[in-house]
Amino acid sequence: MKSLALTSPLNWRDRLAAWHDRLVASADFRRWAGRFPLTRGMARRRARALFDLAAGFVYSQVLYACVRLDLFTILAEGPQEERTLAHRLGLPADAAAQLLEAAESLGLTKRRNGRWALGQLGAVMVGNAAIESMVTHHAMLYADLTDPVALLRGERGGGKLAAYWPYAGVERPEALGDADVAPYTALMAASQPMISSEVLDAYDFSKHRCLLDVGGGDGSFLRAVASAHPALNVILFDLPAVAARAEARFAAAGMANRARAVGGDFHAGILPEGADIISFVRVLHDHDEEDVARMLRAAHAALPQGGTLLVAEPMAETPGAEAMGAAYFGFYLRAMGTGRPRTPARLSAMLEAAGFRQPRLLPTATPLLTRVLVASA
């Protein structure tokens with residue numbers, strides 16, 4: 001018996017969409033649309049969008065070159081002549097001119113009275129360790145994406161990015177040493193302040209007595225929350241080598257009396273008890289469905305009735321940033337070898353399956369960076 005999907009006729013919407021696709025695919029129609037006054041603007045915008053997709057890698061490499069050469073820090077001193085910049089960048093004159101002009105086209109630099117200065121986007125880069133760290137880190141992702149078809153056809157991970165996240169491919173991540181965890185812990189710490197700010201603006205921790213942060217790295221997020229809420233006790237749970245780093249950071253910050261770090265493996269399904277709120281900050285999207293379900297069940301078991309779970313991470317289908325979820329994080333996590341971007345609806349369903357009630361999405365100032373989902377135990 002043939003399936004209905006193969007025998008049912010197309011409805012009028014499908015037929016209209018198919019006609020539209022055939023029309024746009026016609027070279028004759030595209031030439032006409034590019035000349036006709038009422039469609040010319042749309043045709044040019046689509047051509048530009050398609051070209052930007054093809055050229056995006058080159059644009060990102062221009063940014064990468066600027067970061068590696070410390071161009072933005074140099075220009076932060078003030079407008080400078082091109083020959084001076086060529087010397088300071090260690091580039092031939094023609095190469096310096098090419099980089100500066102390319103950066104100008106991307107809004108990173110700007111010519112001002114015969115000298116070069118920061119553009120609007122370049123000014124944002126000055127002193128922004130989080131973005132600079134991510135730009136530098138992306139060199140590994142680009143290497144893994146040299147042949148994206150091979151990545152799709154082969155096993156997930158196994159390249160430079162997977163090696164950078166050592167916990168993703170080992171049977172006993174709790175056995176990793178300090179040297180193994182240092183690189184990714186440092187990267188997460190560099191980018192954590194802007195995430196912490198978004199979460200603190202979205203959620204009021206003052207009604208809680210103790211916060212447990214699962215997979216909390218060196219404790220950057222907990223230190224930010226604890227600084228904003230002096231009466232709050234905090235617990236960090238991460239791999240033993242990572243927890244040892246966090247313990248030292250807590251002591252250095254004078255928080256040893258109300259902050260502690262516990263070493264372990266959250267894949268094991270057991271979390272420390274005693275907190276009335278548990279957070280997963282940029283953790284769940286790094287893990288596959290079975291692991292996430294196990295972690296959420298463990299969180300539910302560790303919380304008292306009426307306790308709160310908070311999830312903060314970039315999410316799929318974020319309005320205005322759809323490509324971030326499906327394209328960027330989709331391929332990033334495939335190269336890493338574990339995890340997937342999830343929609344708020346999918347995360348809410350997983351929370352409810354783990355026993356949580358009333359999951360709700362809180363507004364954040366920059367949803368592209370992170371969205372915040374909370375639920376009750």
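**Helix 15: exposed and buried sides**

On one side of helix 15 in this predicted model, Glu290 and Ala301 are exposed. The buried residues of helix 15 are Val292, Met295, Leu296, Ala298, Ala299 and Ala302. They lie on the same side of the helix because they span an arc of only 160 degrees around its axis. In general, an α-helix has 3.6 residues a turn, so residues three or four places apart point the same way.

Helix 15 comprises 14 residues, 289-302. From its first C-alpha to its last it reaches 20 Å, close to the 20 Å expected at 1.5 Å a residue. The cover over its buried residues includes strand 6 (277-281), strand 7 (308-313) and helix 17 (344-353).

Threonine 318 counts as buried because its relative accessibility is 1%, where the cut-off is under 20%. When residues up to four places away in sequence are not counted, threonine 318 touches Met324, Pro367 and Arg371.

**Glutamine 120 in helix 8**

Glutamine 120 belongs to helix 8, which covers residues 120-125. Its relative accessible area is 73%, and therefore glutamine 120 is exposed, the threshold being over 50%. Threonine 109 is 11 residues away from glutamine 120 along the chain, and the C-alpha atoms of the two are separated by 7.6 Å.

**Aromatic pairs**

The model contains 6 aromatic pairs. One of them joins phenylalanine 57 and tyrosine 142 in an edge-to-face arrangement, with 5.4 Å centre to centre and 85 degrees between the planes. This pair links distant parts of the chain, since phenylalanine 57 lies in helix 4 (residues 37-68) and tyrosine 142 in helix 9 (residues 129-144), 85 residues apart. Phenylalanine 57 is partly exposed because its relative accessibility is 47%. Tyrosine 142 is likewise partly exposed, with a relative accessible area of 23%.

Tyrosine 203 and phenylalanine 205 form another edge-to-face pair, at 5.1 Å centre to centre and with 80 degrees between the planes. Both of these residues, tyrosine 203 and phenylalanine 205, are buried. Ring pairs also bring in Phe221, so that Tyr203, Phe205 and Phe221 are linked into a cluster.

Methods:
Residues numbered from 1 in each chain as written. Predicted model: local features only at pLDDT ≥ 70, side-chain atom pairs only at ≥ 80, totals over all residues. Heavy atoms only, no water. Helix = DSSP H or I, 4+ residues; strand = E, 2+ residues; numbered from the N terminus. Expected span 1.5 Å × (residues − 1). Buried < 20%, exposed > 50% of the residue type's maximum accessible area, 1.4 Å probe, protein only. Arc of directions from axis to C-beta. Contact = heavy atoms within 4.5 Å. Phe/Tyr/Trp six-rings, centres within 6.5 Å; stacked < 30°, edge-to-face > 60°.
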